[in-house]
2 protein chains.
Amino acid sequence: MSDLLTQELNVVNVGLPAFADNIRAAGGSAVQLDWRPPGGGDAGAGMRLARLLAESRIEEANAVALGRCLEAQPVLVDVLLARDAIPALEERRILHAGPPIAWEDMCGPVQGAIAGAIAYEGWAATPDEGAALAASGEIALEPCHHHGAVGPMAGIISPSMPLWVVENATAGNRAYCNFNEGLGKVLRFGANRSEVLDRLSWMGNELFDVLQAGVRALGGVELRPIIAQALHMGDEVHNRNAAATGLLFKRLVPALLELDRPAAPVRRVIEFVAANDHFFLNLSMAACKAMLDAAHGVAHSTMVTVMARNGVNFGIRLSGTGDAWFQAPANPVDGLFFPGYGVEDAAADLGDSAITETAGVGGFAMAAAPAIVQFVGGTPADATENSRRMRSITLGTNPAFTLPAMNFGATACGIDARLVLDSGILPVINTGIAHREAGVGQIGAGITTAPVACFLEAIEAVAAQAPGA
Amino acid sequence: MSDLLTQELNVVNVGLPAFADNIRAAGGSAVQLDWRPPGGGDAGAGMRLARLLAESRIEEANAVALGRCLEAQPVLVDVLLARDAIPALEERRILHAGPPIAWEDMCGPVQGAIAGAIAYEGWAATPDEGAALAASGEIALEPCHHHGAVGPMAGIISPSMPLWVVENATAGNRAYCNFNEGLGKVLRFGANRSEVLDRLSWMGNELFDVLQAGVRALGGVELRPIIAQALHMGDEVHNRNAAATGLLFKRLVPALLELDRPAAPVRRVIEFVAANDHFFLNLSMAACKAMLDAAHGVAHSTMVTVMARNGVNFGIRLSGTGDAWFQAPANPVDGLFFPGYGVEDAAADLGDSAITETAGVGGFAMAAAPAIVQFVGGTPADATENSRRMRSITLGTNPAFTLPAMNFGATACGIDARLVLDSGILPVINTGIAHREAGVGQIGAGITTAPVACFLEAIEAVAAQAPGA
């Protein structure tokens, strides 16, 4: 003790920074540690979390859930109209991104997209009449995730839209995602005028017909190897899909040219795919959904199997808590805006595409795609740091997906809600930024995080199930 | 001085390591510096090099040469038969890779490829008769580089072969390269049996016809942006061209489908390109050749404008020394062999593809393509280190080509023969390894360096031109 008082003062300070300031002012050296009590600072939650962290039943359940996710082999097996893929869409029903939300609470782009989909289906003569119909409550509005599906941004799926059908060859579960419309005025950003609806009609007819025939001719396209290769070619398969789209295109084109179809429609389909570097995104999402659905439903597991946003709230689901959503207002996006737009124009974080981060790619694989970090104002070193940091909140890593910039280390996989709360490290998500008004479209891109309140609520639910609760 | 004798001993030792060992044995600390006298240890050469390093006339010439290379805009403008692109090929003449070499001195793969090309041209009934004809001296055999052309491995160009025509839009000079045949039994590795010649016939007819029409319909494809993008997608555009081929494919396919041609040949061409991840290599080489030819012929410049191998010797040319070749036996390749093969099976380093390194990509851009370093047994950190090291022997960097792994730093560009000798750092080259016998094909891949003797000889030639000589 006498040593302690005579030696030079080297202090690590936790809590109020003023203590460190005083030591420095007195000539000592002090490091301010950025630490918060686990469980979001709530002593009761902290204690419950501590108990859950030690529970072997949860550890075992998590090992099962992560194993099912890693063993999943997502294969593109078919293209179907939504009504033929999802029984609930035999009726007048529209699916949207994120957790459940009532029409009147929805943000502009989602309302606009639903109104457009209603006009596209012919349930109303115009999008404005479609909006009135939706407001009347006559059309059921439900999350894509309630039907094994996902959709980017507004994430609208209506009965006549074509869907990618991805099957997990290991467990047999299927996942669905709509088709990517390209950039500019598109339904997923809430645009719903005639050029948008005309494109949807073409997609629901010619594009559907040709791609269905092509995918069936290919007899199943394994998506895991395409994603793995794309991660070595600058994609993180969320905000950047240029390489994956190219790899798919090279597989698809020869098959389409072998079809017994007139040349013109095949050519139009090929030109449509060639012109859209994001075309693979919707397949990446369906693949991730198929992997995560395999991990869902393991009793007591705290593994996160869904992260999704409806433009107002961010919602998560855990493998062991069934159909429950744990929601909180979406965090702001730290991003760069296209010229002429700013944060006041932005809709809240939106879309099911965070399924990619939930599966360990996207923002979790930023090290694969330094070009994106540059686009949002960071450096390649930031990208690698993000990918490394995500490992501290996951149950493991996915050896199928490796990152060259991290010496071919595996991507973090299987977010554990307990570890998020224990470390205070939030899952990072790459995202586009939609204009708050329907139809303006994308106005920027950036990085955001899942809100901690979702994880707190989820862990409270797990604690309530736990034996000592 | 008294201080020096009393303080702790910290020694940097240059030369015999035994001096450092003795200091360490006596309890001192010593760093052994790996240094050799510039100019390859020849005192006279060292002095001449020192004089050249200080010469303003050379500095100015090098600035002009590098500037022309950086300003070059290689554009794919046409596809032509060799006899229509290169006047010398209106006669019975065959072009090969590397510096000039007589038939009897050529390695197996080059002899095999020439014999095959003679049979393909119909100048002899069989490859064996072709070999006899070549041995008779009746067919002129000349380097591709003597005719503005390049070719990978054996690098054979005969009059009826189709060529990529790449024009530097800035200065108007044109460069040519043959088409990539794919992997397996191919002419560029010396294979010359019927499957090889049949494929060449198809390439000289259907492939030529469709690609010529497609390229003309596209009206010029700028290659610099494709290379720049591919460098962000895991290619170094020498040993790895998967991304660049995909980018070209996406540009090419819609144009080919718009052609007024029967569906079957177009389909076969598209399938041929889709099946070969190296298809872009020959365009990368032609682009680099167009950039470097723009830099050639600046009096007094010591910038290297050609590095090429004929399977026996490695040869270089400098911008300021006209048509002269400076040659030395090729260095061995530090690589990994396919199962069943070893170094005793390998031909010496072969091909004009080192034109990519001469232009600052390939081995100079290894940081772009960590997958290659893994393939040849290294780590991504080695790749970045290689790219960084090359900057110490180049006149500058190319802002058009950037490397994500180096925080989007520009690639080294414009090898200065003086700096190679002054630093002792040799240009690194990524290369495939051919079997020494004609037709076996590729048996490995690896990294090699340009031999220092070429640069010594080149600098002696420059010194002989210098005012004080």
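Among the elements that cover the buried residues of α3(B) are α4 (56-71), α16 (417-423) and α17 (452-465) of chain B. Helices (H or I, at least four residues) and strands (E, at least two) are DSSP runs, numbered from the N terminus. The model is predicted: local features need pLDDT of at least 70, side-chain atom pairs count only at pLDDT 80 or more, and totals for chains, interfaces and linings use all residues. Residues are numbered from 1 along each chain as its sequence is written, while chains are lettered from A and ligands numbered from 1 in the order in which they are written.

Helix α3 spans residues 43-53 of chain B, and its buried residues are B:Arg48, B:Leu49 and B:Leu52. A residue is buried if 20 or more other C-beta atoms lie within 10 Å of its own, exposed if 12 or fewer, and partly exposed in between, with C-beta atoms placed from the backbone. These residues lie on the same side of α3(B) because they cover an arc of only 100° around the axis, the arc being that of the directions from the helix axis to the C-beta atoms. An α-helix has 3.6 residues a turn, so residues three or four places apart point the same way.

B:Arg193 sits in the loop between β8 (174-178) and α8 (194-218) of chain B. B:Arg193 counts as partly exposed because it has 14 C-beta neighbours inside 10 Å. Between B:Arg193 and B:Gly439 there are 8.5 Å in space, C-alpha to C-alpha, and the two are 246 residues apart in sequence.

α8(B) packs against helix α10 (residues 242-258) of chain B at an angle of about 105°, and their axes are 9 Å apart. Axes are lines fitted to C-alpha atoms, for helices over the stretch in contact, and angles run from 0 to 180 degrees between N-to-C directions. The angle makes α8(B) roughly perpendicular to α10(B) (65 to 115 degrees). To the contact (C-beta atoms, placed from the backbone, within 7 Å) α8(B) brings B:Val210, B:Gly214, B:Ala217 and B:Leu218, and α10(B) brings B:Arg251, B:Leu252, B:Ala255, B:Leu256 and B:Glu258.

Between the chains, the contact takes 25 residues from chain A and 25 residues from chain B. On the side of chain A that touches chain B, two or more residues each come from α10 (242-258), α11 (263-274) and α14 (370-375) of chain A. α10(A) gives the most, with eight residues.

Key: Contact = placed C-beta atoms within 7 Å. Parallel < 35°, antiparallel > 145°, perpendicular 65-115°, else oblique.
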